[in-house]
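Subject: Structure handover

Hello,

Please find the structure below, with its sequence. My notes on what was found in it follow.

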Amino acid sequence: MKKFIVIIGNFGSGKTELSLNLAFEYAKNQKVTLVDLDIINPYFRSTERKAELDAAGIRLLSPTYAMLGVEIPSLPADIYSVFSDSSDIVIFDVGGDPAGAIALGQYKRFFDQAKDVKVLYVINARRPFSCELDMNLDMIARIREAGRMDIDAIVNNTNLSQETSLEELIDGYNLVRDVAVETGLPVKYTVGVPSILDEFRRYAEDNGLLNDYIGEYHPIERYMHRDWERYTEKGL
């Protein structure tokens, strides 16, 4: 059965990083298509990693303006093909702003016909547009209204790129817990690079943090924010 995963979050939430990591993980043994629907933010888009996606056998679909500086993108008609093609997994990387949600909403009738669709809302407590409870509650409400799709679960992806420490994940846990309590949404993942995630796991065990607000520990590799070694090897 084809599986659709919609990753949605505001600017700087890390949704593209999560989308890329999931795509590469699933592509090891399944046929994956990644749809880049972040039509507002021209930076830090999955399109920037096209060469690596191609090498992994991942099909990438994105607005035709990608990386060309065109102000008003057009959504390619072949995005509709993902609902009937032979992909096993289709991942949508969607901006959490109203424009991104509206772009997602135009595919509602196709999602309604699909049997396995999961919508994940990504929170980064270190970003100005998602650092407070009310901001996230407002964003979730707007996504539901404009995108005409409900959210299935929350992801804690709190980070400061290369400067991320244990403190980031702790603060993210506290914010995600509050959002989960207010919305009734479960927490699907706590995301981070392996070293920080292991540190947080030990802290959570020692301090009695509730698994309900942690979800699954999901280690990731950074594709969008290069460390020096990856930069010298592969560039930006």
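The secondary structure of the chain amounts to eight helices and eight strands; helices (H or I, at least four residues) and strands (E, at least two) are DSSP runs, numbered from the N terminus. This is a predicted model, in which local features need pLDDT of at least 70 and side-chain atom pairs count only at pLDDT 80 or more, while totals for chains, interfaces and linings use all residues. Residues are numbered from 1 along each chain as its sequence is written, and side-chain values use heavy atoms, with hydrogens and water left out.

The chain as a whole

Of the 236 residues in the chain, 53% are buried. Buried means under 20% relative accessible area, exposed means over 50%, and partly exposed is in between (1.4 Å probe, protein chains only). The accessible surface of the chain is about 11100 Å², and carbon and sulfur atoms hold 51% of that; the areas come from the Shrake-Rupley method with a 1.4 Å probe, and for residues only the protein chains shown count as cover. Among contacts (heavy atoms within 4.5 Å) with a separation of 6 or more, 75% are between residues 24 or more positions apart.

Strands

Strand 1 (residues 3-9) has six of its seven residues buried. Strand 1 pairs with strand 4 (residues 89-95), running parallel, through seven bridges; two strands pair if DSSP finds at least two bridges between them. One of the partners there is Gly95 in strand 4, which is bridged to Gly9.

Strand 1 also pairs with strand 5 (residues 117-123), in the parallel sense, over six bridges. In strand 5, Val119 stands opposite Val6, and Val117 stands opposite Phe4. Six of the seven residues of strand 5 are buried, so strand 5 is largely enclosed by the rest of the structure. Strand 5 is in turn joined to strand 6 by four bridges, again in the parallel sense, with Ala153 of strand 6 as the bridge partner of Leu120.

Nonpolar cores

A nonpolar core is a set of buried Ala, Val, Leu, Ile, Met, Phe, Trp, Tyr and Cys residues joined through side-chain atoms within 4.5 Å. The largest one has 45 residues, and Phe92 and Phe111 touch the most other members. At least two residues of this core come from each of strand 1, strand 2 (32-37), strand 4, helix 4 (108-113), strand 5, helix 5 (133-147), helix 6 (166-183) and helix 7 (194-207). Helix 6 gives the largest share, eight residues. A second, separate core has 24 residues, including Leu53, Leu60, Ile91 and Val155.

What does Phe111 touch, leaving aside its neighbours within four places in sequence? Its contacts are Phe4, Val6, Phe83, Phe92, Leu104, Val117 and Met149.

Helix 1 (residues 15-26) has twelve residues and spans 16 Å from its first C-alpha to its last, close to the 16 Å expected at 1.5 Å a residue; the expected span is 1.5 Å times one less than the number of residues. Eleven of its twelve residues are buried, so helix 1 is largely enclosed by the rest of the structure. Lys15 belongs to helix 1 and is buried, with a relative accessible area of 4%. Not counting residues up to four places away in sequence, Lys15 touches Ile7, Ile8, Gly9, Asp38, Asp93, Val94, Gly95 and Val122.

Helix 5 has 15 residues and reaches 21 Å from first C-alpha to last, close to the 21 Å expected at 1.5 Å a residue. Its buried residues include Asn136, Met139, Ile140, Ile143 and Gly147. They cover an arc of only 100 degrees around the axis, which puts them on the same side of helix 5; the arc is that of the directions from the helix axis to the C-beta atoms. Asp134 and Glu145, on the other side of helix 5, are exposed.

Loops and backbone angles

Most residues other than glycine have a negative phi. Ser161 lies in the loop between strand 6 (153-156) and helix 6, and is buried, with a relative accessible area of 14%.

Ser84, in the loop between strand 3 (59-61) and strand 4, is exposed, with a relative accessible area of 64%. Its C-alpha is 9.9 Å from that of Ala114, 30 residues apart along the chain.

Regards
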